[in-house]
Amino acid sequence: MIITVVGARPNFVKAAPIHNAFRAAGVQHEICNTGQHYDALMSKVFFEDLGMPKPIVDLGVGSGTHAEQTAAAMIGLERFFSQKPPRAVLVVGDVNSTLAAAIVAAKMGLFSAHVEAGLRSRDWSMPEEVNRVVTDTIVDLLLTPSADADDNLRNEGHSADSIVRVGNVMIDALQQHLPAARKLGMPSRLGLKPREYSVMTLHRPANVDDPAVLGGILDAVADIAKTLPVVFPVHPRTRTKAAASGLDLERTNRLIPIDPLGYLEFLSLTSDARLVLTDSGGLQEETTVLGIPCLTLRDNTERPSTITHGTNVLVGSNPEAIRREAQRALNRPIDSSHRVPELWDGRAAGRIVKAVLARI
Ligand code: UD1
């Protein structure tokens with residue numbers, strides 16, 4: 001049996017095509033969910049939208065400090081792997097569950113592979129950067145999405161035969177589900193017309209934990225909303241932080257905070273947006289493939305190919321910069337001839353299966 005470990009929302013999107021590709025190759029593959037994300041809107045809806053089977057186990061880890069969350073996932077995973085050791089453990093992305101699974105697999109001597117290896121922001125204040133670097137140091141097989149990731153790993157001294165560029169598996173999911181997503185017509189459900197609204201997501205601690213930073217971003221976005229309504233599916237972390245500091249998410253009726261959306265609803269919304277503002281990693285990639293202008297509210301990105309080959313612009317969290325870059329993006333016509341990075345072609349999962357099976 002081969003296991004892919006998932007825990008948080010972006011992991012589910014990456015695991016679904018991998019599961020299908022292993023099954024299509026006749027290999028027994030199961031999903032193990034740590035339960036880092038547990039609200040139905042952050043977890044269950046994604047399993048349903050992506051057509052994923054019930055996880056073989058749900059460890060119910062939930063929220064906590066980094067140490068609590070990582071440790072709880074490690075304890076649960078070690079117990080689970082001990083019962084029937086898998087032939088291989090796949091970990092995806094850069095969340096605390098990714099790190100926990102990589103450490104447990106390494107210490108138990110299980111073959112492990114990291115999907116999305118090699119991404120680096122070089123920003124050590126991000127918990128994800130710690131997770132990425134430690135995970136890549138201890139897994140057996142490094143499956144990368146892009147050439148910059150290969151370069152990062154080689155520069156860190158990883159041997160060439162441990163690195164396989166497979167492309168971006170999130171794009172497999174996007175291509176597979178885009179037709180169904182479009183049928184949902186999310187813009188019109190919200191009373192909006194295609195290309196006449198923007199979408200924002202925010203959840204990074206650096207943007208939402210400090211009320212001064214979050215308040216500044218919301219002020220800037222409220223101004224942008226005067227030109228273009230902003231739909232804002234609010235991550236639970238952001239909702240909690242805004243409420244704790246008395247920040248009003250509904251400061252204008254053109255800034256539209258809504259509950260987190262499922263995968264298909266969100267894809268329906270973003271695929272017809274005029275502009276996306278985000279601090280998410282996956283959304284930088286999805287907008288690149290969809291050809292939608294994306295302003296990333298961070299000072300750095302571990303996904304530079306979305307800038308060099310895609311629609312992404314790094315803006316940071318300075319309110320003036322956000323206003324200025326949004327205006328600049330809206331003044332540019334949408335480029336229908338946009339490029340995408342090599343191997344972001346919807347066939348990454350097949351290459352992942354091939355690379356793993358060749359090694360075990
Ligand atoms: C986590 C990942 C981040 C990823 C993000 C995607 C880490 C370190 N962070 O961040 O890399 O981009 O997921 O969403 O692994 N909460 C709920 N319900 C839930 C889940 C979380 O209410 O189902 C709230 C809780 O208050 C929790 C907080 O969100 O304390 C943060 O959740 P956590 O899983 O620690 O990190 P995220 O910010 O979601």
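Two strands are taken to pair if DSSP finds at least two bridges between them. Helices (H or I, at least four residues) and strands (E, at least two) are DSSP runs, numbered from the N terminus. The structure is a predicted model, in which local features need pLDDT of at least 70 and side-chain atom pairs count only at pLDDT 80 or more, whereas totals for chains, interfaces and linings use all residues. Residues are numbered from 1 along each chain as its sequence is written, and side-chain values use heavy atoms, with hydrogens and water left out.

The protein chain is assigned domain 1 (2-168 + 344-359) and domain 2 (176-331), the bounds coming from an automatic or database domain assignment. The centres of the two domains, taken over C-alpha atoms, lie 26 Å apart. Contact, defined as heavy atoms within 4.5 Å, involves 24 residues of domain 1 and 22 residues of domain 2. About 1,800 Å² is buried between the domains, with 58% of this area given by carbon and sulfur atoms; buried area is the accessible area (1.4 Å probe) that two parts lose on being put together, summed over both. Of the area that domain 1 buries against domain 2, Leu41, Asp49 and Trp344 supply 29%, more than any other three residues.

An open sheet of six strands shows parallel pairing in the order 10-9-8-11-12-13. Strand 10 (255-258) and strand 13 (312-314) form its edges, each pairing on one side only. Neighbouring strands are turned by 20° against each other on average, direction ignored; axes are lines fitted to C-alpha atoms, for helices over the stretch in contact, and angles run from 0 to 180 degrees between N-to-C directions.

Strand 8 is joined to strand 9 by two bridges and runs parallel to it; valine 199 has valine 231 of strand 9 as its bridge partner. Four bridges connect strand 8 with strand 11, again in the parallel sense, and methionine 200 stands opposite leucine 277 of strand 11. Strand 9 (residues 230-233) pairs with strand 10 over four parallel bridges, phenylalanine 232 having proline 257 as its partner. Helix 10 (residues 211-227) packs on the sheet, touching strand 8 (198-201), strand 9, strand 10 and strand 11 (275-278), and its direction makes about 140° with that of strand 9. Helix 12 (residues 263-271) also packs on the sheet, touching strands 8, 9 and 11, at about 130° to the direction of strand 8.

Arginine 204 lies in the loop between strand 8 and helix 9 (205-208) and is buried, with a relative accessible area of 10%. Leaving aside neighbours within four places in sequence, arginine 204 contacts Met126, Glu128, Asp279, Ser280, Gly281 and Arg298. The arginine 204 side chain reaches the backbone oxygen of aspartate 279 at 2.8 Å.

Histidine 29, in strand 2 (residues 29-33), is buried, with a relative accessible area of 0%. A polar contact of 2.6 Å joins its side chain to that of threonine 4; such a contact is a pair of N or O atoms within 3.5 Å, where, within protein, one must be able to donate a hydrogen and the other to accept it, and residues adjacent in sequence count only if both atoms are side-chain atoms. Residues touched by histidine 29, not counting those up to four places away in sequence, include Ile2, Ile18 and Phe22.

How values were computed. Buried < 20%, exposed > 50% of the residue type's maximum accessible area, 1.4 Å probe, protein only.
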